[in-house]
Amino acid sequence: LQHNEAVTLSHKLKKKQSKKQFEFSTKMPVRQISVQEQERTSSSAVNLDGSIIQGDASSKRRSSGEIPPLKDSLKFPIQDSSSSPFIPDGLTSSVYGTDNPPEDWCDVGLLIPHEALRREMAAMVDSVSALKKDYDDSVDDWRILYFAEWYVDIFSEAVHSHHENEETIYFPWIQTKASMPEKKMAKDHGELIEMINNIKAVCDFIITKEGKGCSNDIEKLQQQTPIFEKHMLEHLKEEEEMVPPLLRENFTQEEEDKCLQKILKREGLSG
């Protein structure tokens, strides 16, 4: 559920992309670092806002065909005089930021995949908000159609996969040594899945109509997507507050690496 799951999530979000691009992109930005930067840091740097700076951890993947252990792929260059080894600029998390940067692998465990989900949710709400209920079927039907296809084929699948990895692998692993506290405020996975499926039902109907005559469906999306985002943000926040102390008190990073390998195999990747 760390750097490698974020890459897996990005892959899921891209692999079924429609031929026409919608209003937003699901691609995580990547830039190459210079030779001087590679000499300065012996590892791959990953911005916690989701962008990946390719260094020799990615080279290890290319040369060996394997995903390196998390302790190799999550080494971050220290910025300025900060005591945190991570780059918190641009985080969407309400738990971590420049004033409260993540300190170690325990903090990052859920943060990186959660960042990807938060960004996609923001894009979802912005895109739905931009849809016009009085649109011209002959001109703008593709907009609502491709949003619906993106939601059904990409976003809902990615969220379901993330929840299933937590429920069937990650959280049961934590419970081998620690008790998971009951959620105080946020919706649980079951309630969130119901919201996701309700939005999916609207999108399925839009697809059957090929994006035509969907004014009422757009109104439903504009009502439902902000509510889902609100509850999902609360859910992610609570997990980011709850899980790191359990990891820090009960597990080593090597132990979590083994758990992560199970998740990667479930996603069809060789770890």
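Q: What counts as a helix here, and how are helices numbered?
A: Helices are DSSP runs of H or I with at least four residues, and they are numbered from the N terminus. The model itself is predicted.

Q: How many helices and strands does the chain have?
A: There are nine helices and three strands. Along the sequence they follow the pattern α-β-α-β-β-α-α-α-α-α-α-α.

Q: What share of the residues of the chain count as buried?
A: Of the 271 residues, 51% count as buried.

Q: Which residues touch the most other members in the largest nonpolar core?
A: They are Met-124, Tyr-151, Leu-221 and Phe-228, in a core of 29 residues. Helices H5 (105-130), H6, H7 (189-208) and H8 (215-250) each give two or more residues to this core. The largest share, nine residues, comes from H6.

Q: Turning to charges, how many salt bridges does the structure hold?
A: The structure holds 13 salt bridges. In one of them, the side chains of Glu-115 and Arg-118 meet at 2.6 Å, N to O.

Q: How far apart are Glu-115 and Arg-118 in helix H5?
A: They are separated by about one helical turn, because they are three residues apart in helix H5.

Q: Is Glu-115 buried or exposed? And Arg-118, buried or exposed?
A: Glu-115 has a relative accessible area of 1% and is therefore buried. Arg-118 is also buried, at 6%.

Q: Which residue forms a salt bridge with Arg-266?
A: Glu-164 does, with the closest N and O atoms 2.4 Å apart. Glu-164 lies in helix H6 and Arg-266 in helix H9 (residues 253-266), so this pair ties together parts that are 102 residues apart in sequence. Glu-164 is partly exposed at 38% relative accessible area, and Arg-266 is partly exposed at 37%.

Q: What about Lys-237: which residue is its salt bridge partner?
A: The partner is Glu-241, with the closest N and O atoms 2.7 Å apart. Both residues lie in helix H8, four residues apart, about one turn of the helix. Elsewhere, salt bridges that share partners join Asp-104, Asp-107 and Arg-248 into one network.

Q: Which residues gather in the patch of negative charge on the surface?
A: Glu-167, Asp-188, Glu-191 and Glu-194 gather there. Glu-167 belongs to helix H6 (residues 137-174) and is partly exposed, with a relative accessible area of 43%.

Q: One last point: where is Tyr-96 found?
A: Tyr-96 is in the loop between helix H4 (70-73) and H5. Its relative accessible area is 8%, so Tyr-96 is buried. The C-alpha atoms of Tyr-96 and Glu-240 are separated by 8.8 Å, although the two residues are 144 residues apart along the chain.

Conventions: Residues numbered from 1 in each chain as written. Predicted model: local features only at pLDDT ≥ 70, side-chain atom pairs only at ≥ 80, totals over all residues. Heavy atoms only, no water. Patch = residues over 30% accessible without salt bridge, like charges linked within 9 Å, V, L, I, M, F, W, Y side chains within 5 Å. Areas by Shrake-Rupley, 256 points an atom, 1.4 Å probe, with all protein chains shown as cover. Salt bridge = Lys/Arg side-chain N within 4 Å of Asp/Glu carboxyl O. Lys, Arg positive; Asp, Glu negative; His and termini not counted. Charge placed at Lys NZ, Arg CZ, Asp CG, Glu CD. Buried < 20%, exposed > 50% of the residue type's maximum accessible area, 1.4 Å probe, protein only. Core = buried A, V, L, I, M, F, W, Y, C linked by side-chain atoms within 4.5 Å.
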